[in-house]
Amino acid sequence: MFSITVRDHIMIAHSFHGEVFGPAQRLHGATFLVDATFRREQLDEGNIVVDIGLATQELGAVVGELNYRNLDDEPDFSGINTSTEYLAKVVADRLAERIHKGALGENAKGIAAITVTLHESHIAWASYERAL
């Protein structure tokens with residue numbers, strides 16, 4: 001399997017519901033380093049997985065929709081614990097939608113899977129992988 005990874009970041013605010021979250025139940029901020037890895041079994045006719053420039057652009061657009069937002073105030077996240085794991089899925093699903101709509105080019109339709117990793121710090125991160 002071939003892969004490429006592009007990177008961006010987001011800064012959000014949110015709070016959690018549930019005793020398991022301890023002090024994180026209060027409103028707090030988080031800065032995430034966001035990696036999106038695109039995988040395919042065979043390279044396209046240009047011998048690439050996907051256009052890195054387009055992948056970077058589309059990841060930037062997806063995280064731009066979340067950046068500098070209080071997720072508690074966003075209708076898409078009403079009543080949802082926006083954990084690192086959950087946000088990784090949101091980013092992956094939104095990238096998949098863009099691939100299906102052709103935003104990463106026609107050759108991107110050969111991508112088999114996407115993995116999105118959100119790094120909370122240099123010692124903790126969470127990922128979500130999905131097939132296309």
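**Exercise 1.** Determine whether N47 is buried, partly exposed or exposed, and state in which loop N47 lies.

*Solution.* In this predicted model, the relative accessibility of N47 is 57%. Exposed residues are those over 50%, and therefore N47 counts as exposed. As for its place in the chain, N47 belongs to the loop between β2 and α1.

**Exercise 2.** Carry out the corresponding analysis for Y68: where is it found, and is it buried or exposed?

*Solution.* Begin with the location, which is the loop between α1 and β3, the latter covering residues 69-70. Next, take the relative accessibility of Y68, which is 64%, so that this residue counts as exposed. Finally, the backbone angle: phi of Y68 is positive, at about 60 degrees, although Y68 is not a glycine.

**Exercise 3.** Find out how many aromatic pairs the whole structure holds, and classify the pairs by the geometry of their rings.

*Solution.* A pair of aromatic rings is described by the distance of the centres and the angle of the planes. A search of the whole structure returns 2 aromatic pairs. In one of them, F16 and F21 are 4.4 Å apart centre to centre, with 25 degrees between the planes, and this pair is stacked. In the pair of F77 and Y86, the ring centres are 6.3 Å apart and the planes stand at 80 degrees; planes over 60 degrees apart count as edge-to-face, so that is the class of this pair.

**Exercise 4.** Describe the largest nonpolar core, asking which residues have the most contacts inside it and which element gives the largest share.

*Solution.* In soluble globular proteins, nonpolar side chains tend to be buried together. Here the largest nonpolar core has 32 residues, and V34, F38, V50, L95 and V116 are those with the most contacts inside it. At least two residues of this core come from each of β1 (2-14), β2 (28-40), α1 (52-64), α2 (84-100) and β4 (113-119), and α2 gives the largest share, namely 8 residues. To examine one of these residues, take L95: leaving aside residues up to four places away in sequence, L95 touches A36, F38, E58, L59, V62, I114 and V116.

Notes
Residues numbered from 1 in each chain as written. Predicted model: local features only at pLDDT ≥ 70, side-chain atom pairs only at ≥ 80, totals over all residues. Heavy atoms only, no water. Phe/Tyr/Trp six-rings, centres within 6.5 Å; stacked < 30°, edge-to-face > 60°. Core = buried A, V, L, I, M, F, W, Y, C linked by side-chain atoms within 4.5 Å. Buried < 20%, exposed > 50% of the residue type's maximum accessible area, 1.4 Å probe, protein only. Helix = DSSP H or I, 4+ residues; strand = E, 2+ residues; numbered from the N terminus. Contact = heavy atoms within 4.5 Å.
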